[in-house]
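Keep the picture open beside you as you read.

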Amino acid sequence: MNVKFITLGCKVNQVESEAMREALLAGGFQEAAEGQTADVVVVNSCTVTAVSDQKARQALRREKKRNPGAVAVLTGCWPQAFPQEAEDFLEADIVLGTTRRAALLPKILEYLSTKQRIVDIAPHEKGEKFEKLTISAMHGRTRAFLKIEDGCDRFCSYCIIPYARGRVRSKPLEDIKAEAALLGDHGYREVVLTGINLPAYGKDLGLHLCDAVEAACAAPGIARVRLGSLEPEQLTPGVIARMAKQEKLCPQFHLSLQSGCDTTLKRMNRHYTTAEYRQIVRNLRQAFPNCAITTDIMVGFAGETEEEFAASLAFAKEIAFAKVHVFAYSRRPGTRAYNMPAQVTNKVKEDRSRQMIAATLATQRDFFAAQVGRVEEVLFEQEREKNVYEGYTRNYTPVRAASAVPLQGQVLPVEITQVLEDCCLGRLV
């Protein structure tokens with residue numbers, strides 16, 4: 001029998017889909033080839049917004065039409081956060097949450113035997129341990145993601161994820177070392193450490209994110225270690241100094257901002273001020289010359305006034321981010337912000353999104369321009385057009401270079417020569 005995976009959402013979901021895929025292949029399944037009818041379809045869902053839930057429903061319905069008679073599996077964050085909604089979604093033959101990944105294979109075999117619908121969504125429990133999920137590869141990717149943490153204790157007022165993921169729990173150091181070494185043995189040059197709240201790593205084990213970074217950097221086959229999204233206030237001067245000692249650590253830091261206005265940050269239940277954020281950025285830039293600071297910025301949060309948005313826009317320009325993911329606030333049932341007064345209209349959100357995107361694209365172009373003339377190592381990932389390959393520098397600048405021979409998977413020095421709209425051009429040195 002063959003299986004097809006549809007993965008929605010974050011890098012953590014991608015890692016978990018890969019782990020489930022490897023488990024099914026080890027259990028005798030085959031991956032459905034492009035255009036081939038699948039016997040089993042697994043949709044690994046996201047639930048960050050209500051639109052995310054809708055995408056999961058649409059994906060599963062679409063795949064059932066394309067694969068008549070296939071066993072339809074719904075798993076991931078949406079069933080975990082909203083179990084009754086997921087149970088009522090009758091198009092899914094098997095419904096699992098975020099606590100039952102290891103049960104995927106036996107549940108599929110059970111359904112094939114009984115033809116009885118299965119709904120198995122176990123709640124997260126206090127004190128639960130990190131689920132051992134080891135992967136040997138990232139299907140179709142040049143960089144590998146290494147999940148080291150799950151869960152979140154922060155409860156931002158707009159976020160449902162703590163209900164979908166439970167409390168913070170961490171991957172043991174020995175498992176990080178072993179998995180990084182395995183990925184290196186399989187040819188990966190770069191690993192990206194990921195988690196739901198990455199800087200909280202080790203909170204339950206008496207460890208720190210720095211311990212995980214050092215463990216991953218120690219893997220002999222790995223040339224680069226990159227960090228996923230970070231909560232900024234946990235990057236103290238001591239933490240930054242300790243990280244700066246690791247030569248393999250990539251100088252790119254995705255510091256989740258959400259808003260550049262202190263009043264808005266307080267309503268969001270974020271745990272830092274703009275002044276603290278500004279100082280953390282200064283500390284990083286001092287410790288990691290030419291580092292990239294990237295972020296997420298939300299516009300139109302509940303109660304955001306024109307003055308608050310103006311403050312956020314000005315702060316984004318001041319920090320001069322290398323890249324920004326701009327998105328409009330989406331009301332999420334089950335969160336405190338859902339019932340907050342003074343909800344912003346969609347028209348205003350769209351206008352503010354346009355302004356923020358324009359401003360942050362300008363700072364991105366300035367960052368790219370500052371790279372011109374530098375010689376940087378590029379990990380090439382894909383052929384963008386005939387004999388033109390694209391990859392990323394250590395600070396995550398996208399670079400394209402011409403080559404008559406394939407470059408995928410290679411780390412090569414490139415002189416950056418020109419800025420395009422969304423990347424840089426370079427020549428192999």
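In strand 18, Cys424 is the bridge partner of Val399. Strand 18 (residues 424-428) is joined to strand 16 by three bridges, and the two run parallel. Strands here are DSSP runs of E with at least two residues, helices are runs of H or I with at least four residues, and both are numbered from the N terminus. Two strands pair if DSSP finds at least two bridges between them.

This is a predicted model, in which local features need pLDDT of at least 70 and side-chain atom pairs count only at pLDDT 80 or more, while totals for chains, interfaces and linings use all residues. Residues are numbered from 1 along each chain as its sequence is written, and side-chain values use heavy atoms, with hydrogens and water left out.

Strand 16 has another partner: five bridges join it to strand 15 (residues 388-392), and these two run antiparallel. Tyr392 stands opposite Pro398 in strand 16. Strands 15 and 16 form a hairpin with five residues between them, and Tyr396 in the turn has a positive phi of about 70°. Buried means under 20% relative accessible area, exposed means over 50%, and partly exposed lies in between (1.4 Å probe, protein chains only).

Six strands form it in the order 2-1-3-4-5-6, with parallel pairing. Strand 2 and strand 6 (118-120) stand at the edges with a single partner strand each, so one side of each has no neighbour in the sheet. Inside the sheet, strand 4 (residues 71-76) and strand 5 (residues 94-96) pair in the parallel sense over two bridges, and Val73 stands opposite Ile94 in strand 5.

Helix 5 lies across strands 1, 3, 4, 5 and 6, running at about 160° to strand 5. How do helix 1 and helix 5 pack? Helix 1 (residues 11-26) and helix 5 (residues 104-114) pack at an angle of about 55°, with their axes 9 Å apart. Axes are lines fitted to C-alpha atoms, for helices over the stretch in contact, and angles run from 0 to 180 degrees between N-to-C directions. Helix 1 and helix 5 are therefore oblique to each other (under 35 degrees is roughly parallel, over 145 roughly antiparallel, 65 to 115 roughly perpendicular and the rest oblique). Met20, Ala23 and Leu24 in helix 1 meet Leu104, Leu105 and Ile108 in helix 5, where contact means heavy atoms within 4.5 Å.

Finally, the charged pairs. The structure holds 40 salt bridges, each a side-chain nitrogen of Lys or Arg within 4 Å of a carboxyl oxygen of Asp or Glu. Here are some of them.

| Salt bridge | Closest N and O atoms |
|---|---|
| Arg21 and Glu31 | 2.6 Å |
| Glu63 and Arg66 | 3.4 Å |

Arg21 counts as buried at 11% relative accessibility, whereas Glu31 counts as partly exposed at 31%. Glu63 and Arg66 are three residues apart in helix 2 (residues 50-66), about one helical turn. Glu63 counts as buried at 1% relative accessibility, but Arg66 counts as exposed at 53%. Asp150 and Arg169 are both buried.
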